[in-house]
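Open the model in your viewer and follow along. Each stop gives you a selection and what to look for there.

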Amino acid sequence: MRIGELSRRTGVNAHQLRYYEAQGLLEADRGANGYRDYDENAVLRVKQIRHLLGAGLSSEDIAYLLPCAVGEAPELLGCPELLAAMRSRLRRIDDQMATLARSRHALADYIDAAERTSSESYPPFDDVNAEPVPA
């Protein structure tokens, strides 16, 4: 099937399909006319890629994991390489979550401090002239 049909059958635009191919996630034969020709397995492969992307995996991670993928969802067989890659990705997500939690806490502290001082006028005014006091 050509790229347009694969796009229609998977709901993934042709630009993304070409990207998957460039990343080594999807394979296509080339006809004499230079057009991509995908076999029937490409539909399943694209669905697997979409599910794995939805799990937050990078295209590099997915390229590594696809040999262990079975079915559309996909189910990932317990390949040692697969487990190591998923654990690594989970650690990166945990690190990102910790960083976000610290940022959230700091921002909440700034908001609390600003709300406590919101009754004071800003910028501060000199009582005599009712003009802002230079910093």
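Show the surface of the whole protein. Its accessible area is about 9700 Å², and carbon and sulfur atoms hold 53% of that. Areas here come from the Shrake-Rupley method with a 1.4 Å probe; for residues, only the protein chains shown count as cover. The model is predicted: local features need pLDDT of at least 70, side-chain atom pairs need pLDDT 80 or more, and totals for chains, interfaces and linings use all residues. Numbering starts from 1 along each chain as its sequence is written, and side-chain values use heavy atoms, without hydrogens and water.

Color by burial. Of the 135 residues, 24% are buried (under 20% relative accessible area; exposed is over 50%, partly exposed in between).

Select Glu-27, Asp-29, Asp-37 and Asp-39. They form a surface patch of negative charge. Patch residues have over 30% relative accessible area and no salt bridge; like charges are joined within 9 Å, nonpolar side chains within 5 Å. A salt bridge puts a Lys or Arg side-chain nitrogen within 4 Å of an Asp or Glu carboxyl oxygen. Zoom in on Asp-29, in strand β1 (residues 29-30). Asp-29 is exposed, at 55% relative accessible area.

Now select Leu-107, Tyr-110 and Ile-111. Together they make a nonpolar surface patch of about 350 Å². Ile-111 sits in helix α5 (residues 80-116). Ile-111 is partly exposed, with 42% relative accessibility.

Key:
Lys and Arg count as positive and Asp and Glu as negative; His and the chain ends are not counted. The place of a charge is taken as NZ of Lys, CZ of Arg, CG of Asp or CD of Glu. Helices (H or I, at least four residues) and strands (E, at least two) are DSSP runs, numbered from the N terminus. Buried means under 20% relative accessible area, exposed over 50%, partly exposed in between (1.4 Å probe, protein chains only).
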